[in-house]
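Please consider the structure shown below.

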Amino acid sequence: MSDEYPEIRLYIDGQWTDGSGGRGDDIVNPATEEVLGRVPFAEGDQVDAAIAAAKAAFPKWRDAGPDFRSGILLKAAALLHQRADEIGRVMTLEEGKPLAEAAGEVHRAATGLQWNAEEGRRAYGRIIPSGPDEILSVRVTPVGPVGAFVPWNFPAGGPMRKISAALAAGCSIVIKPSEEVPGTVSLLVKAFADAGLPAGVLNLLFGVPDEISRRVIPDPAIRFIAFTGSIPVGKHLAGLAASAMKPAHMELGGHAPVIVCADTDPVKAAKTAVRAKIVNAGQVCTSPSRFLVDRRIYDDFTAAFTEAMAAIKVGNGLEPGVQMGPMVSHRRLAAVSKLVEDAVSLGAKVATGGKAVDGTGFFYQPTVLTDVPANAALLSEEPFGPVAPVAAFDDLDEALEVANSLPFGLAAYAYTDSAATAEKLIAGYEAGILSINHCGGSVPQAPSGGFKESGYGREGGPEGLEGYLVTKRVSHRLQ
Ligand code: NAD
């Protein structure tokens, strides 16, 4: 157990509480393999209590109005900015990402909360001109209590996207984040409580994921489902939502292509792509993960990319100068190792990396593979690790076809100096998130989300509130 790590509890109806059945799991520091603490599991009656609390709190929160709501949310955001270093340290301990990256994530989560708090004040309806004896209007109203499930890769950013959109829209929420990284989200919830959020508006559960989602999703009190995670789990939860006719957001995985054209500077492109590739040790749904490079600059790009990947300092994220931390768990380390071993056994060449780092912790070397055969699992399964296969192309249309050939459609990237080529790729890519001449991340003012099996619904921007609102058409005849 670590003194630096908070005690983890459930938060139900404004009260911090232990799991009533005594079940739980150890929380492991992925850099040291030390046990940080224990996460309690909610029992069925506690899940029901959280749903009941969200149901009871909803009409009061909805009717309190946008000024009251945004006041509390902005106060919570300010507290999170103040506490970012302290919360970032807990995130590094439980998830592994370097301290600066972790604290930066808390600041970004707080900024996203500020943005949604303001946007919630602009959830306007409209008046439609009609005859003299009728007022025809469109009203938007919060959909109701939300059931949300988020994974471990962004312990602050993931939960905050759902909590901030739900609360800003006027909904209450029951959220089940990852049991592997419960400390960060507990400190987020504490900031909301300290900001004066009324009891029951935000409820935090940990437990056996399948037990909780099977109880939360069908419950009639829950009106909207929001999930981020893997495609198989997303399909399962979307099925549960569909059988109860619940609307849902599914923010699932991807396998982002990066098309590097001959008219770009290959060295500059390689350097910016490496920075994006190593963020969170590649455990990002939008991580650049299939590099397709014009053959005319392939050697220059691959050399610069390999050199920059090999130079990345890997280690415990609490140590100064570390650029990339461990995989979140032994499970993820084993999965990444298996994908690389499979590719190499089929003939791929290791330009750099290719192995787990010897010793304690779940570290994997930043890895570049070339000559990866088409039947290698790495080219069709999301690596979710610091692994980059690089291949040459001769024809842009063929590269686009390869890029679009998978069932995913989340992020896609391109490097080109030609506006016409960029526009061709923007039109041709089957992806919901495109970056040209960089591989940058999400911003609160614009929507993120997928095509195809990468899911549906958007987070961020005005679109991000849409799922949490219902639209009413009102025709009011004047007597
Ligand atoms: P996983 O699918 O087992 O778990 C992902 C998250 O979903 C976890 O936090 C887990 O608690 C939750 N979950 C699992 N089953 C659930 C259920 N029945 N009900 C509710 N929640 C449930 O995957 P993993 O091993 O943690 O990660 C592996 C893969 O997941 C990656 O390869 C990647 O494709 C995907 N992933 C995607 C994202 C994303 O941001 N889109 C994030 C994390 C993981």
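The centres of domain 1 and domain 2, taken over C-alpha atoms, are separated by 31 Å. The assignment gives residues 10–252 + 454–474 to domain 1 and residues 256–436 to domain 2; such bounds come from an automatic or database domain assignment. To the contact between them, domain 1 contributes 16 residues and domain 2 contributes 21 residues, where two residues are in contact if their C-beta atoms, placed from the backbone, lie within 7 Å. On the side of domain 1 that touches domain 2, helix H2 (84–95) and helix H3 (99–119) each supply at least two residues. H3 gives the most to this side, with 3 residues. The residues of this side of domain 1 divide into 6 nonpolar, 5 polar and 5 charged; Ala, Val, Leu, Ile, Met, Phe, Trp, Tyr, Cys and Pro count as nonpolar, Asp, Glu, Lys and Arg as charged, and the others, Gly among them, as polar.

This is a predicted model, in which local features need pLDDT of at least 70 and side-chain atom pairs count only at pLDDT 80 or more, whereas totals for chains, interfaces and linings use all residues. Residues are numbered from 1 along each chain as its sequence is written.

The protein has 13 helices and 22 strands; helices (H or I, at least four residues) and strands (E, at least two) are DSSP runs, numbered from the N terminus. Along its principal axes, the C-alpha trace spans about 75 × 65 × 40 Å. The radius of gyration of the protein is 23 Å, which agrees with the value near 23 Å for a compact globule of 479 residues; this radius is taken over C-alpha atoms, and the globule rule is 2.2 Å times the number of residues to the power 0.38. Of the 479 residues, 54% count as buried, meaning that 20 or more other C-beta atoms lie within 10 Å of a residue's own; 12 or fewer make it exposed, values in between partly exposed, with C-beta atoms placed from the backbone. Among contacts with a separation of 6 or more, 72% join residues 24 or more positions apart.

Attention now turns to the ligand. Of the 21 residues around the ligand, Pro 209, Ser 213, Ser 230, Gly 253 and Cys 285 come nearest; a residue is near a molecule or strand if its C-beta atom, placed from the backbone, lies within 6 Å of it. The shell draws at least three residues from each of domain 1 and domain 2. Helix H6 (209–216) and helix H7 (231–243) each supply at least two of the shell residues. By class, the shell has 9 nonpolar, 8 polar and 4 charged residues.

Strand E16 (residues 387–393) is largely enclosed by the rest of the structure, because 5 of its 7 residues are buried. Strand E13 (residues 288–294) runs parallel to E16 and is joined to it by 4 bridges; two strands pair if DSSP finds at least two bridges between them. Asp 294 has Phe 393 as its bridge partner in E16. Strand E15 (residues 367–370) also pairs with E16 in the parallel sense, over 4 bridges, and Leu 369 has Pro 389 as its bridge partner in E16.

The loop between E15 and E16 contains Asp 371. Asp 371 is not a glycine, yet has a positive phi of about 55°. Most residues other than glycine have a negative phi. Asp 371 is partly exposed, with 16 other C-beta atoms within 10 Å.
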